[in-house]
Amino acid sequence: MSVSDPVATLQTLIRCPSVTPAEGGALKALEAMLTPLGFSVERMVASEPGTPDVENLYARLGTEGPHLMFAGHTDVVPPGDEASWSHPPFAAEIDGDQLFGRGAVDMKGGIACFVSAVARHIESHGAPKGSISFLITGDEEGPSVNGTEKLLRWAAEKGERWDACLVGEPTNPDYLGDMIKIGRRGSVSGRVTVLGLQGHAAYPHLADNPVRGLLPLASALMGEPFDAGTPEFPASNLEVTSIDVGNPATNVIPGKAGFAFNIRFNDTWTAETVKAEIVRRLDEAAASGSLRPGRDAVRYEIVWAERPSHVFLTRNNGLIASLTGAVEEVTGRTPALSTTGGTSDARFIKDYCPVVEFGLVGQTMHMVDERVALADLETLTQIYGTFLSRWFANALLS
Ligand SMILES: [Zn+2]
């Protein structure tokens, strides 16, 4: 097998059943591809009490700067009901112009294309003046506690420094070349419990209905927009995701009621300021007495979910222009620079170097019959190869 062929490279990776947290042979296969290209490869096992150990991989070619990192994950989500797949999820079968398998687009496909791009670059230009590294985790689709965050810290403690990073997650909504992600919104979740007094629905003055307290609190969070958005980010948005009373009796006023929420926020906030704004709104609504005239302020408790995701925006012209230029040169499309969608491991990488994300078309990710067009694998390999040339040329000049 030649690693300059992204189709063969991807087939090898898909045939390793690496459902989080299993390594499944995927990192071993990647090591076997990178070592002959001249990379020094290290496998790092991360542990945390209460979670399974996870294998990760760090590989570097070169010892000098400038240093470009490619980041991604070999773990995949479970296939679900295998019988509903038209081709077995770990067989990597080709049917017509499509390659089928779990991880085809999210994101063994991105890794395969980058491996092939590096192999071709070395074939035609020799090793770059500078360094290329792969930072590959086996814990992105799971709890993400034994993955990229620990791997970055481990590498940085050994003295590794990077000038830029490309994450190969599927970023394109419809066509290859649609979209580069240059940032991500932050995410904070919490749960509010409103404390009342249980009683008879026919004697409400003897009770304190927490539902009357809850509704204005939930409205206060979803009512006024948090902001109007920025040129780079959509408006921050909060959704109440659950309202829980759990009261089966219609003639009993419950003693407690609760709701959960999640906010996706832009860079006009930090996790800390957005939490403070949420508490301010809750306190104001709790004191207002709407639905509970004449009563004391609503008593409530709030519990924040652990580990909020911090918002970030990359403003690095060398990196963004190299990638945009490569996409335009290969596809003729001008990619949108976007900050939409959920969080990704880029939220950890941004603390070490500027980071952007570009990979395959995401339409079938996590679905039954996840698949990728063979033509897209070749095109993405060419985009990554062109990006490599452009990025190193630019970084060596500056
Ligand atoms: Zn992914």
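On a 1 Å grid over the protein atoms alone, a pocket is an open set of points with protein on both sides within 12 Å along at least five of seven lines, and lining residues have an atom within 4 Å of a point. By that rule, the largest pocket here is lined by 19 residues. This is a predicted model, where local features need pLDDT of at least 70, side-chain atom pairs count only at pLDDT 80 or more, and totals for chains, interfaces and linings use all residues. Residues are numbered from 1 along each chain as its sequence is written, and side-chain values use heavy atoms, with hydrogens and water left out.

**Pockets**
- The largest pocket comes in at about 280 Å³, a volume being the space filled by probe spheres set on grid points joined across faces, edges and corners.
- Glu-169, Pro-170, Lys-181, Arg-184 and Met-365 lie nearest the centre of the largest pocket.
- Its lining splits into three nonpolar, 10 polar and six charged residues (Ala, Val, Leu, Ile, Met, Phe, Trp, Tyr, Cys and Pro are nonpolar, Asp, Glu, Lys and Arg charged, the others, Gly among them, polar).
- The second largest pocket holds about 210 Å³, and its lining includes Glu-149, Arg-307, His-310, Phe-348 and Tyr-352.

**Cavity**
- There's one cavity of 30 Å³ or more (a set of points where a 1.4 Å probe fits but cannot get out).
- The largest cavity has about 60 Å³ of space, and Glu-169 turns up in its lining, along with residues including His-73, Met-107 and Asp-345.
- Strand E3 (residues 67–73) gives the largest share of that lining, three residues.

**Helix H7**
- Why does a 20 Å distance between the end C-alpha atoms of H7 (residues 317–331) agree with expectation? At 1.5 Å a residue, its 15 residues should span 21 Å (1.5 Å times one less than the number of residues).
- Its buried residues (under 20% relative accessible area, 1.4 Å probe, protein chains only) include Leu-319, Ile-320, Leu-323 and Val-327.
- Gly-332 follows H7 with a positive phi, near 80 degrees.

**Cores**
- The largest nonpolar core has 59 residues (buried Ala, Val, Leu, Ile, Met, Phe, Trp, Tyr and Cys joined through side-chain atoms within 4.5 Å).
- H9 supplies the largest share of this core, nine residues.

Terms used: Helix = DSSP H or I, 4+ residues; strand = E, 2+ residues; numbered from the N terminus. Buried < 20%, exposed > 50% of the residue type's maximum accessible area, 1.4 Å probe, protein only.
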